Amino acid sequence: MTKTIYLVDPETRVYVGPAPHPLDPVESERTGKPVYAALNPALATEVAPPRIPAGKRAVLVDLSWVLEDMPAAPAPVPAPPPVAPAPPPTPPRELTFEERLAALRGLVQDYMDAMAHAWGYDDIKTAVTYAEEPAVAKFQAEGRALRAWRSLVWASCYELLARVQAGETEEPTAESLPGLLPRLVPPEAEVAPKTAAPADDGQTEAAH
């Protein structure tokens, strides 16, 4: 006849359910009759639990069953609130006409600084300081050329912006603006006058 054992949870000692008592295969073969295996008291007992009413559970304490209330079910974890979709990006504010004109003036200044830098100066402001410095003729000539060109560029720029403001011409772009400004012309190289060689009248004495 098969015996029944009663399994418990090894950690909580709570009754899990019945199971057949396993046989000891070695002793059963040696004796020629069924020999039940020894039980691990941490896992099972031969003592049947009492009737377990609703809301209770059986716990094995020192080889005896104790009825206790079922623990309350854990409160459900509330679902996270739905994530609101991100608002659409705000389109960039369109610049006013005055702001666009100011940006064009800034481009003109950057263009002149770049041209002066191409001639070896930090910017146009630095370059024109050489216009009244006669120590090095090359620097003075370039300073004068850049100073005169700067005046022509600003005059042309303000004339162009006035025409744009009056609706007489289209507003230039950053790419088209340099082509609408006066061209920078390098100063002409100063050529020193040649000194005429003295005429040989045939009376030059031979060197000693």
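**Ground rules.** I am working with a predicted model, in which local features need pLDDT of at least 70, side-chain atom pairs count only at pLDDT 80 or more, and totals for chains, interfaces and linings use all residues. I number residues from 1 along each chain as its sequence is written, and side-chain values use heavy atoms, with hydrogens and water left out.

**Overview.** I found four helices and five strands, taken as DSSP runs numbered from the N terminus (helices H or I, at least four residues; strands E, at least two). Reading from the N terminus, I get the order β-β-α-β-β-β-α-α-α. The protein exposes about 15,700 Å², and carbon and sulfur atoms supply 59% of that; these areas come from the Shrake-Rupley method with a 1.4 Å probe, and for residues only the protein chains shown count as cover. I also checked contacts (heavy atoms within 4.5 Å). Among those with a separation of 6 or more, 46% come from residues 24 or more positions apart.

**The sheet.** I traced an open sheet of three strands in the order β2-β1-β3, with antiparallel pairing. Its edge strands are β2 (15-20) and β3 (44-45), each of which pairs on one side only. Two strands pair if DSSP finds at least two bridges between them. Strand β1 (residues 4-8) and β2 are joined by five bridges in the antiparallel sense, and I noted that T4 has P20 in β2 as its bridge partner.

**The hairpin.** Next I turned to β4 (residues 56-61) and β5 (residues 64-69), which run antiparallel and are joined by six bridges. L60 has W65 in β5 as its bridge partner. Two residues sit between the strands of this hairpin, and D62 takes a positive phi near 50°.

I then found a salt bridge between the side chains of K56 and D69 (2.5 Å, N to O). The pair links distant parts of the chain, with K56 in strand β4 and D69 in strand β5, 13 residues apart. K56 is partly exposed at 32% relative accessible area, while D69 is exposed at 52%.

How many salt bridges does a search of the whole structure find? I got eight, counting a side-chain nitrogen of Lys or Arg within 4 Å of a carboxyl oxygen of Asp or Glu.

One of them joins the side chains of E46 and K3 (3.3 Å, N to O). E46 lies in the loop between β3 and β4 and K3 in the segment before β1, so this pair ties together parts that are 43 residues apart in sequence. Both ends are partly exposed: E46 has a relative accessible area of 44%, and K3 has 33%.

I also logged E27 and R30, whose side chains meet at 2.6 Å, N to O. They are three residues apart in helix α1 (residues 25-31), so about one helical turn separates them. E27 is partly exposed at 27%, whereas R30 counts as exposed at 61%.

**A glutamate in α4.** Is E142 buried or exposed? I found it buried, with a relative accessible area of 10%. E142 lies in helix α4 (residues 137-165). Leaving out residues up to four places away in sequence, E142 touches W119, Y121 and P187.

How values were computed: Buried < 20%, exposed > 50% of the residue type's maximum accessible area, 1.4 Å probe, protein only.
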